[in-house]
Amino acid sequence: MIKFGFVKYFAVAIAFIFVSCEESTTQAVRETMLVVDASADIPECQSGNEGELVFVKDEAATLVCSDGEWIDPSKQEKDTVYVKEGSKKIYVSGKLSCETVSLPDDSGIKIICNGDSIGVVLNGRDGDDGVDGANGRNGKDGKDGTDGKSAAGENGGDGKNGVDGVDGVGCSVRDMDSIVVVVCGEDSVGIYKEACGVKPYDPETHFCDYRDNRIYRYVTIGNQIWMAENLNYEVDSNYHCYMDSCEKYGKLYTWATAMDSLAMFSDEGRGCGSGGMCAPVSPVRGICPEGWHLPDSLEWVALYNIKKRSPYALQAIGYESWKSAEDSFGFSALPAPFYCKDRFVGYASDFWTINQVDTLYAYHLYVYENAVGVDRRVSKACYLSIRCLKDY
């Protein structure tokens, strides 16, 4: 089985460079992104670094060098995949489809993705014949003395024929469910069919929130599909992050924000804020990505009942406060406490449900060190994590 790990670096730009095959077949080059502290540290965008990416820390932005200027791909009208072939850019919207076409003289193949050529792989060629050896020179006459003899030079030997060059290995394209694999002999290159902004991802295990081009991992548990990471979408500035690490723990939101009470994305949670009653009917999208929704209490119960109410099955492994964690499903709940009354509370995972108790309180899923349930209430003004469930 061929496995491809494209996202091993911090914000990686994948570029495939196909070169002529004289003594080998094909080469894949993986380039890491330049990281700078501020905009003033960005190098000049020129033809020499066309298609390269840079991450600016103070802006938390990824920029691409394109036609003499640095642009933010997340603000472009269509997804952009940059293939480094001179200054060429390949624009891809949605799925990527690739094929190979033989060159007219059968000297190799051209690789075409979404109608554009991204490179050529040439067959190897025979080596040239060796040059004939030169004739040897005659020896000089011997000096006077005891009847010197002429030394006869020997003819030079014939040059050997050159060794034939190694034939190029034929290449093929395998179009799989989530990736296109270009195979040349023992070498192979995988190209994911999906891109989140400029970042490729495997749709078999991840999905893209196109609002901010953030990639999330997901898992299938029973007949449910869950986000395997906490939501980290910035609706506004009203949120908190445990240990100031939103990337690891996600953001913490109030119930009103989680329900999208201002109806920014849907009308299902309109008016569901603190201090008032509403009547939400599942599914409620809330601030989840399109196609996903906030779980209700019964959906949470269905999740942990699969392992007979075991909290250990949901807990991420590797944390001191959760010594018995099993993470049986890959749900990977983190011991990230909720935030309430100017402090973080406990060492548990706490997630919002859409179910409210009254005007001030709502129910939440709690995963403690040795307990799990949704029968406890918490103030709607507190800040909790969000895990979204895929729409059925």
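**Disulfides and aromatic pairs**

A: A disulfide joins Cys288 to Cys388, with 2.1 Å from S to S. The model is predicted: local features need pLDDT of at least 70, side-chain atom pairs count only at pLDDT 80 or more, and totals for chains, interfaces and linings use all residues. Residues are numbered from 1 along each chain as its sequence is written, and side-chain values use heavy atoms, leaving out hydrogens and water.

Q: What is a disulfide, and how many does a search of the whole structure find?
A: A disulfide is a covalent bond between the sulfur atoms of two cysteines. The criterion here is a pair of cysteine sulfur atoms within 2.5 Å, and the search of the whole structure finds six disulfides.

Q: Is the link of Cys288 and Cys388 left-handed or right-handed?
A: The link of Cys288 and Cys388 is left-handed, with -90° about the S-S bond. Both Cys288 and Cys388 are buried (under 20% relative accessible area; exposed is over 50%, partly exposed in between, with a 1.4 Å probe and protein chains only).

Q: How is a pair of aromatic rings described?
A: A pair of aromatic rings is described by the distance of the centres and the angle of the planes. Rings of Phe, Tyr and Trp (its six-membered ring) pair if their centres lie within 6.5 Å; planes under 30 degrees apart count as stacked, over 60 as edge-to-face and the rest as tilted. The structure holds 13 aromatic pairs. One of them, Trp226 with Phe331, is edge-to-face, at 5.9 Å centre to centre and 80° between the planes. Trp226 and Phe331 are both buried.
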